[in-house]
Amino acid sequence: MMNLFAMLRNVAARLVSATSSQRSCAARQTCRKRARCPATAKPRPKALAVQQGTSLIEVLVSLVIVAISVLGAASLQVNALKFNTAAKDHAAASILAYNIIDRMRANRGAALNGSYDIDLDDDAPSGTALPATDLQQWLNALNERLPGGDASISRSNQTFTITVQWQEARLKTSREANAASTESYRFVTEL
């Protein structure tokens with residue numbers, strides 16, 4: 001109870017002193033001529049006087065920083081898309097290599113006799129025999145799924161090497177100087 005009365009007394013004393021300082025200004029006419037009353041006005045801080053105009057510079061600097069970060073994010077997105085497409089092509093090459101291996105395993109005798117052997121840049125064999133139609137369908141799938149797709153199948157006894165090759169022009173800027181623009185996937189298996 002005592003503390004409450006002491007607090008009320010302090011508040012009342014502050015109110016009285018604030019109103020009396022406004023009334024005690026004897027030169028009311030001079031206060032009206034000036035921008036502020038010397039009895040109640042507070043002096044202007046010096047730090048504010050020095051900092052005029054810096055907010056515009058700060059905004060411009062922050063805009064430059066935001067623009068650079070947006071360009072960096074856009075560059076990351078473009079590279080992610082480019083390397084995602086390259087990964088898709090690698091997966092397609094792997095699937096196509098397994099495809100021809102499964103066809104060769106289904107026709108093992110003809111594969112061991114060399115009916116499936118083909119070099120890079122060779123055309124698909126003509127004919128209606130099973131190895132010829134397998135190679136025709138497989139090379140057509142290579143051309144459809146991979147840009148500039150080509151392949152070779154070579155054998156040494158019962159070991160077969162399937163090489164799938166395609167163009168990767170999108171990665172040209174990411175490669176070392178004078179690097180080839182082709183990618184290849186090599187798979188070695190035994191029938």
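**Close-up views of a predicted model**

**View 1. Ile162 sits in strand S2.** Ile162 is found in strand S2; strands here are DSSP runs of E of at least two residues, and helices are runs of H or I of at least four residues, both numbered from the N terminus. This is a predicted model, so local features need pLDDT of at least 70 and side-chain atom pairs count only at pLDDT 80 or more, while totals for chains, interfaces and linings use all residues. Residues are numbered from 1 along each chain as its sequence is written, and side-chain values use heavy atoms, with hydrogens and water left out. Ile162 is buried, with a relative accessible area of 0% (buried means under 20%, exposed over 50% and partly exposed in between, with a 1.4 Å probe and protein chains only). Leaving aside neighbours within four places in sequence, Ile162 has contacts that include Ala97, Ile100, Trp138, Ile153 and Phe187, where contact means heavy atoms within 4.5 Å. Tyr185 is 23 residues from Ile162 in sequence, and their C-alpha atoms are 8.1 Å apart.

**View 2. Three strands form an open sheet.** The strand order is S1-S2-S3, and the pairing is antiparallel; two strands pair if DSSP finds at least two bridges between them. Strand S1 (150-156) and strand S3 (182-190) are the edge strands, each pairing on one side only. From one strand to the next, the twist averages 15°. In general, strands of a sheet pair through backbone hydrogen bonds, either parallel or antiparallel.

**View 3. S1 and S2 make a hairpin.** Two residues lie between these strands, and Asn157 in the turn has a positive phi of about 60°. S1 and S2 run antiparallel and are joined by seven bridges. Look for Asp150, whose bridge partner in S2 is Gln165.

**View 4. S2 meets S3 around Val164.** Strand S2 (residues 159-167) pairs with S3 in the antiparallel sense over nine bridges. Val164 stands opposite Tyr185 in S3. Beyond its neighbours within four places in sequence, Val164 is in contact with residues including Ala93, Ala97, Trp138, Leu142 and Glu183.

**View 5. Helix H6 lies across S1 and S2.** Helix H6 (residues 130-145) runs at about 135° to S1. For this angle, axes are lines fitted to C-alpha atoms, for helices over the stretch in contact, and angles run from 0 to 180 degrees between N-to-C directions.

**View 6. Ala86 is a buried residue of helix H4.** Helix H4 covers residues 54-106, and Ala86 has a relative accessible area of 7%. The C-alpha atoms of Ala86 and Glu183 are separated by 9.3 Å, although these residues are 97 residues apart along the chain.

**View 7. The largest nonpolar core has 25 residues.** A nonpolar core is a set of buried Ala, Val, Leu, Ile, Met, Phe, Trp, Tyr and Cys residues joined through side-chain atoms within 4.5 Å. Ile100, Trp138, Ile153, Ile162 and Val164 have the most contacts inside this core. The elements giving two or more residues to this core are H4, helix H5 (108-112), H6, S1, S2 and S3. H4 supplies the largest share, seven residues.
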